[in-house]
Amino acid sequence: MSKRIDVADLNVYYGNFLAVEDVNINIDAKTVTAFIGPSGCGKSTFLRTLNRMHEVIPGARVEGKVMLDGDNLYGSGVDPVTVRSQIGMVFQRPNPFPTMSIRDNVLAGIKLNNKRISKSDADGIVESSLQGANLWNEVKDRLDKPGSGLSGGQQQRLCIARTIAVKPEVILMDEPCSALDPISTLAIEDLINELKNDYTVVIVTHNMQQAARVSDKTAFFNIAGTGKPGKLIEYAETATIFSNPSVKATEDYVSGRFG
Ligand SMILES: Nc1ncnc2c1ncn2[C@@H]1O[C@H](COP(=O)(O)OP(=O)(O)OP(=O)(O)O)[C@@H](O)[C@H]1O
């Protein structure tokens with residue numbers, strides 16, 4: 001488990017609009033990387049191209065390469081559904097299937113991939129995934145109750161368990177704590193710290209403290225103005241980005257002078 005991502009010369013378009021321009025970035029396996037930057041600079045857009053999730057948006061397309069341990073995700077014959085099982089995604093709002101039980105929510109991704117599994121294998125996956133998402137102790141006595149009966153923070157951990165269940169190499173998180181209270185946020189941050197033992201994690205966040213707390217490296221994106229493309233401005237160790245960035249715009253952003 002856990003692979004590196006290498007992005008070369010990536011442009012992302014919505015129709016004719018160039019939303020993100022010329023990104024080159026190398027993300028090591030078993031690290032946490034934070035994407036930060038002002039609203040509209042293309043963080044979510046770029047994140048979605050790392051598992052071809054942008055392809056569900058009509059007109060969205062890329063130029064360039066995204067390599068997972070050397071294999072181009074955009075190579076001919078590569079199935080985007082397979083890509084998304086290798087590179088999972090957790091969204092801003094927890095999105096468990098509301099009428100489905102906790103157990104079936106964990107197994108949903110596996111069933112989507114048409115995998116047939118025995119009851120005992122399924123039980124094992126449910127337990128290990130919920131353990132991996134630090135949720136097992138809170139839900140082990142109510143696995144057959146609907147996922148919607150959990151708190152927001154628990155629902156987000158359930159979504160992480162669902163992502164882990166398909167045994168991905170990489171987990172992408174798009175502002176996973178923005179709908180959560182501070183206690184649930186800390187629980188997710190602790191979890192992210194543990195997840196990097198097994199997975200490569202990439203997280204988009206508006207919260208500078210969060211980026212500083214959870215990530216090894218930080219990528220700062222910026223935009224020159226409305227209608228202009230977002231660009232990767234600086235990418236370095238998180239401590240460097242926050243204490244000694246080399247670009248003035250990075251310093252202005254992390255010190256709260258804009259954005
Ligand atoms: N589905 C879409 N169709 C057309 N344009 C889009 C779409 N989604 C995003 N955009 C545009 O692409 C640009 C980048 O948006 P994106 O949401 O990736 O930025 P962001 O940095 O994640 O912003 P935020 O921090 O506000 O979430 C913006 O100009 C946005 O309006």
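Biologist: Which residues does Phe-35 touch, not counting residues up to four places away in sequence?

Modeller: This is a predicted model, in which local features need pLDDT of at least 70 and side-chain atom pairs count only at pLDDT 80 or more, while totals for chains, interfaces and linings use all residues. Residues are numbered from 1 along each chain as its sequence is written. Two residues are in contact if their C-beta atoms, placed from the backbone, lie within 7 Å. With residues up to four places away in sequence left out, the residues that Phe-35 touches are Lys-43, Leu-47, Val-202, Val-204, Ala-219 and Phe-221.

Biologist: Which residues touch the most other members of the largest nonpolar core, and which helix gives the most to this core?

Modeller: A nonpolar core is a set of buried Ala, Val, Leu, Ile, Met, Phe, Trp, Tyr and Cys residues joined through C-beta atoms within 7 Å, where a residue is buried if 20 or more other C-beta atoms lie within 10 Å of its own, exposed if 12 or fewer, and partly exposed in between, with C-beta atoms placed from the backbone. Among the 68 residues of the largest such core, those touching the most other members are Phe-35, Ala-161, Ile-171, Leu-172, Val-201, Val-202 and Ile-203. With helices (H or I, at least four residues) and strands (E, at least two) taken as DSSP runs numbered from the N terminus, the element that gives the most to this core, with 6 residues, is helix 6 (residues 152–165).

Biologist: At what angle do helix 3 and helix 4 pack, and how do the residues of their contact divide?

Modeller: Axes are lines fitted to C-alpha atoms, for helices over the stretch in contact, and angles run from 0 to 180 degrees between N-to-C directions. Helix 3 (residues 102–112) and helix 4 (residues 119–132) have axes 10 Å apart and pack at an angle of about 105 degrees, which makes helix 3 roughly perpendicular to helix 4 (angles of 65 to 115 degrees count as roughly perpendicular, under 35 as roughly parallel, over 145 as roughly antiparallel and the rest as oblique). The contact is made by Arg-103, Val-106, Leu-107 and Ile-110 of helix 3 and by Ala-122, Ile-125, Val-126, Ser-129 and Leu-130 of helix 4. These residues divide into 7 nonpolar, 1 polar and 1 charged.

Biologist: What covers the buried residues of helix 3?

Modeller: The buried residues of helix 3 are Ile-102, Arg-103, Asn-105, Val-106, Leu-107, Gly-109 and Ile-110. What covers them includes helix 4, helix 5 and helix 6.

Biologist: Where does Asp-69 lie, and what is its phi?

Modeller: Asp-69 lies in the loop between strand 4 (60–68) and strand 5 (71–72), and it counts as partly exposed because it has 14 C-beta neighbours inside 10 Å. Although Asp-69 is not a glycine, its phi is positive, at about 45 degrees.

Biologist: Is Asn-222 buried or exposed, and which residues does Asn-222 touch?

Modeller: Asn-222 has its place in strand 9 (residues 217–223), and it is buried because 22 other C-beta atoms lie within 10 Å. Not counting residues up to four places away in sequence, Asn-222 touches Gly-37, Pro-38, Cys-41, Gly-230, Lys-231, Ile-233 and Ala-249.

Biologist: Which residues does Ala-249 touch, not counting residues up to four places away in sequence?

Modeller: Ala-249 is placed in helix 10 (residues 248–254), and with 18 C-beta neighbours inside 10 Å it counts as partly exposed. With residues up to four places away in sequence set aside, Ala-249 touches Asn-222 and Ile-233.

Notes. Nonpolar A, V, L, I, M, F, W, Y, C, P; charged D, E, K, R; others polar.
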